[in-house]
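Open the model in your viewer and colour it by secondary structure.

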Amino acid sequence: MKQDIDQSGTLTADLSNRLAFRLYQCANQLNKTGTRWLDRHDVTTQQWAVLGALVRERWVNGIAVRDLAKLLMVSRQNLTGVLSRLDARGWIERVVDVNDNRSRLIKLTPVGWQRWADMQGDIAAFYAESMGNLSNNDMIHMLHYLDILRENFRAIDDAQGGED
């Protein structure tokens, strides 16, 4: 592996700041443009993320709120509001966990599955337009680097005693 040319750390600090700010900008743009894109489905990006998690084969029979929060990397408090809105629309339901009768799992209702199916064309179009300039190779590399960054953030959170 090559050594960085800048030994002072100034360039690294500047690049780190620019990268963190760019991620912040991208997250905000994703939230704004994604919500607008799916406006006709009356879905926010947060709701889209929850629905997208619940359609995963692993979770079709339900997932505990704490596990869903961990998967989405959000606090349980923030997730509770999103789940309440989805529940009020009849898109999700809380079912008894067959492994622990005291626990409830979140899963999609038939209405929620239909909403997800209805969104697929618009989601595909959003991805095609927003990632159209990226090759598959670009996206694979980006995923690799974002995974490293996510794990670094997770390690920091764990070291700080973070639960949410």
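From the N terminus on, the elements of the protein chain run α-α-α-α-β-β-α-α, giving six helices and two strands. Helices (H or I, at least four residues) and strands (E, at least two) are DSSP runs, numbered from the N terminus. This is a predicted model, in which local features need pLDDT of at least 70, side-chain atom pairs count only at pLDDT 80 or more, and totals for chains, interfaces and linings use all residues. Residues are numbered from 1 along each chain as its sequence is written, and side-chain values use heavy atoms, with hydrogens and water left out.

Show the C-alpha trace: along its principal axes it spans about 60 × 40 × 25 Å. Of the 164 residues in the chain, 23% are buried (under 20% relative accessible area; exposed is over 50%, partly exposed in between; 1.4 Å probe, protein chains only).

Next, select residues 10–37, helix H1, and residues 45–54, helix H2. Their axes come within 8 Å and cross at roughly 85° (lines fitted to C-alpha atoms over the stretch in contact, with angles from 0 to 180 degrees between N-to-C directions). H1 and H2 are therefore roughly perpendicular, the term for 65 to 115 degrees. On the H1 side, Leu-30, Asn-31, Gly-34 and Thr-35 make the contact; on the H2 side, Thr-45, Gln-46 and Trp-48 do (heavy atoms within 4.5 Å).

Now select Tyr-127, which lies in helix H5 (residues 110–130). Tyr-127 is partly exposed, with a relative accessible area of 39%.

Note on methods
Angles under 35 degrees count as roughly parallel, over 145 as roughly antiparallel, 65 to 115 as roughly perpendicular and the rest as oblique.
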